[in-house]
Amino acid sequence: MYNDGKLIIAQSMDSKEYLEILPRMSNRHGLIAGATGTGKTITVKVLAESFSEAGIPVFLTDVKGDVAGISLPGSSSEDMENRLTRFNIRDAFSYEGFPVHFWDIFGEKGYPIRTTISEMGPLLLARLLNLNEVQTGILNIAFRLADDEGLLLLDLKDLRSMIVHVGERASELKLQYGNISSASIGAIQRALLQLEDQGGDLFFGEPALDINDLIQIDQTSGKGIINLLDSQKLINSPLVYSTFLLWLLSELFESLPEVGDLEKPKLIFFFDEAHLLFDHTPAALVDKIEQVVKLIRSKGVGIYFCTQSPSDIPDAVLAQLGNRVQHALRAYTPKEQKALRAAAQAYRSNPLFDTEEALTQLGTGEALVSFLGKKGEPSVVERAWVLPPESKFGPLDTPTRASLIAMSASAQGVYLESIDRESAYELLSAKAAEQARILEQQRQEEEALKAEKIRQKEEEQARKNNPINKILRSATSAMTSSVGRKIGNSIVRGILGGFKR
């Protein structure tokens, strides 16, 4: 809920004061954590609604399909009315839907999102393909060679053709780039095949997403557009899901200009299931993620990670998250108990309760909350009730979703149809076809020359086997022999003339 220039998210159980995020501090990033079933999704919805009401665009993933209802107004119930009375927000609260642009990599429940192979780059692509160090090196060679030869890498068939091209020129490229083994080429091609089976052929291509299309304000209401990525199918491929979101963060970081600290950010980015981002991620890539998180706030972007435990996120990244809503944690094992203590120690203690103990006693919809103050200082942690969302909670039926998708056709319609322009695949295919034509021409010329030689040999043999030619050759041979003997005798006698009497 947005009121009086502040984002009202929760109410303290002890002081009954409202806990608020200042818009100018919302780009200092945030964390929503808690065990399954503790109310994280409701918290994310309340945050997203508040940012939208403040005129801040939002990017949000819908992993379970129950966030899409944010586009429709909520409805009154006895429980809701009791909560409004308890929180004393009846006058400021209204049931309303929010402007939503629906996205879906597969193009089934929203407009498709695409990027090109070149835009994703070899580092993220190597993670997506789960390549080892040697295979990643060959992938880098493919990108370098494509740049050097002016070959565009737009979709998977472009990359597949480029990998084949590198393999065919392995001996030529060896001295410049190092060994290129056929085994590594084969491993990359198999990884590309697996990616294609997971929908990668739909994700890579054109028209590529224009980042500015995520940063839009609804002209009628003045609310920030909520960009909702349907991830129910995508989450079944965790590596694709996390790498896609990481690419999106990278694009925001690379594309947006430096703006410093604004009165309110340009975009708030929610990263649900954030642990997937860091699972089995190379240290070099984690370092780059840390760098992006540190610096992207000066581009006017706030990142809010949503996960089960703060321990899912590396300490260097966790230290950058200033606005925190921590739902209940479960601590049954020694490892979980250690994570619980670490989570409790991350907050400024409140003398009214024990933070560590409170973390295990919170009910659904309750949380420990700490937001940044005017000077950027974290507030003392508070036990709080998260306010109810103003929109509908739950999924959308198919006709309603289709109707809402159609309403944004003017803004998103450009992404509906894919474009397949000339790129590496076409150029390399044309080059291969030309080489094949030349080889075929050479083969035909060699066969024609061979056939001509055979014909000439057969004609020669035919002449030899002709009866008249045989008689002429016999007569000629006899004459030659007779004359030869005569000449020979003369020569002998001539030579021996000194002995002739």
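Predicted model: local features only at pLDDT ≥ 70, side-chain atom pairs only at ≥ 80, totals over all residues.
Local features need pLDDT of at least 70, and side-chain atom pairs count only at pLDDT 80 or more, while totals for chains, interfaces and linings use all residues. Residues are numbered from 1 along each chain as its sequence is written, and side-chain values use heavy atoms, without hydrogens and water.

User: Which residues of α13 are buried?

Analyst: Buried means under 20% relative accessible area and exposed over 50%, with partly exposed in between (1.4 Å probe, protein chains only). On the other side of the helix, Pro334, Lys335, Lys338 and Gln345 are exposed. The buried residues of α13 are Ala339, Leu340, Ala343 and Ala344.

User: How are helix α3 (residues 117–129) and helix α9 (residues 238–255) oriented to each other?

Analyst: Axes are lines fitted to C-alpha atoms, for helices over the stretch in contact (heavy atoms within 4.5 Å), and angles run from 0 to 180 degrees between N-to-C directions. The two axes come within 10 Å and cross at roughly 155 degrees. Angles under 35 degrees count as roughly parallel, over 145 as roughly antiparallel, 65 to 115 as roughly perpendicular and the rest as oblique. Therefore α3 and α9 are roughly antiparallel.

Note on methods:
Helix = DSSP H or I, 4+ residues; strand = E, 2+ residues; numbered from the N terminus.
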